[in-house]
Amino acid sequence: MNWILLIIAGLFEVAFAACLGKAKEASGIDTTYWYIGFLVCLAISMLLLVKVTQQLPIGTAYAVWTGIGAVGTVLVGILIFKEPATFWRLFFITTLIVSIVGLKVVSH
């Protein structure tokens, strides 16, 4: 269950990064809504991270959380914000995914 909560926490990290990107593009009251979304997603992500670190090693949990956030944010950047999907960006994102899976496999 902790690993599922950790994945959800990582997805909320992606969401708060996406809200920042959308806030940058928005204007008027929409900017405020995106910043509120950022704060809500940030709070949920952090609370879940705190919860899972009570059972999982902090080093592993934090690395997986930031890895999910990094991979997800790059993918959101490519798919939503039209950032470049170069070979090297995709290559290093793939190595990050492999590393996250590796941490899960070797964790006790």
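Let's start with helix α3 and helix α4, residues 87–106. Helices here are DSSP runs of H or I with at least four residues, numbered from the N terminus. The two pack at an angle of about 150°, with their axes 10 Å apart. The axes are lines fitted to C-alpha atoms over the stretch in contact, and angles run from 0 to 180 degrees between N-to-C directions. That angle makes α3 roughly antiparallel to α4, a label used for angles over 145 degrees.

A quick word on what we're looking at: this is a predicted model, where local features need pLDDT of at least 70 and side-chain atom pairs count only at pLDDT 80 or more, while totals for chains, interfaces and linings use all residues. Residues are numbered from 1 along each chain as its sequence is written, and side-chain values use heavy atoms, leaving out hydrogens and water.

Back to our pair. Which residues make the contact? On the α3 side they include Val64, Ile68, Val71 and Ile78, and on the α4 side Arg89, Ile93, Ile97 and Leu103 are among them; contact means heavy atoms within 4.5 Å. By class, the contact of α3 with α4 has 13 nonpolar, 2 polar and 1 charged residues.

Now turn to α1, residues 2–25, against α3, residues 58–79. Their axes come within 8 Å and cross at roughly 40°. That makes α1 oblique to α3. Trp3, Leu6, Gly10 and Val14 are among the α1 residues in this contact, and they meet a set in α3 including Trp65, Gly69, Gly72 and Val76.

Last topic, charges. Side chains of opposite charge can pair when their charged atoms come close. How many salt bridges does a search of the whole structure find? It finds 2, taking a salt bridge as a side-chain nitrogen of Lys or Arg within 4 Å of a carboxyl oxygen of Asp or Glu.

One joins lysine 22 and glutamate 25, with the closest N and O atoms 3.8 Å apart. Both lie in α1, 3 residues apart, about one turn of the helix. Lysine 22 is partly exposed at 28% relative accessible area, whereas glutamate 25 counts as exposed at 52%. For those words, buried is under 20%, exposed over 50% and partly exposed in between, with a 1.4 Å probe and protein chains only.

In the other, arginine 89 meets glutamate 83 at 3.3 Å, N to O. Arginine 89 is partly exposed at 27%, and glutamate 83 is partly exposed at 35%. Arg89 also belongs to the α4 side of the contact we began with.

Note on methods:
Angles under 35 degrees count as roughly parallel, over 145 as roughly antiparallel, 65 to 115 as roughly perpendicular and the rest as oblique. Ala, Val, Leu, Ile, Met, Phe, Trp, Tyr, Cys and Pro count as nonpolar, Asp, Glu, Lys and Arg as charged, and the others, Gly among them, as polar.
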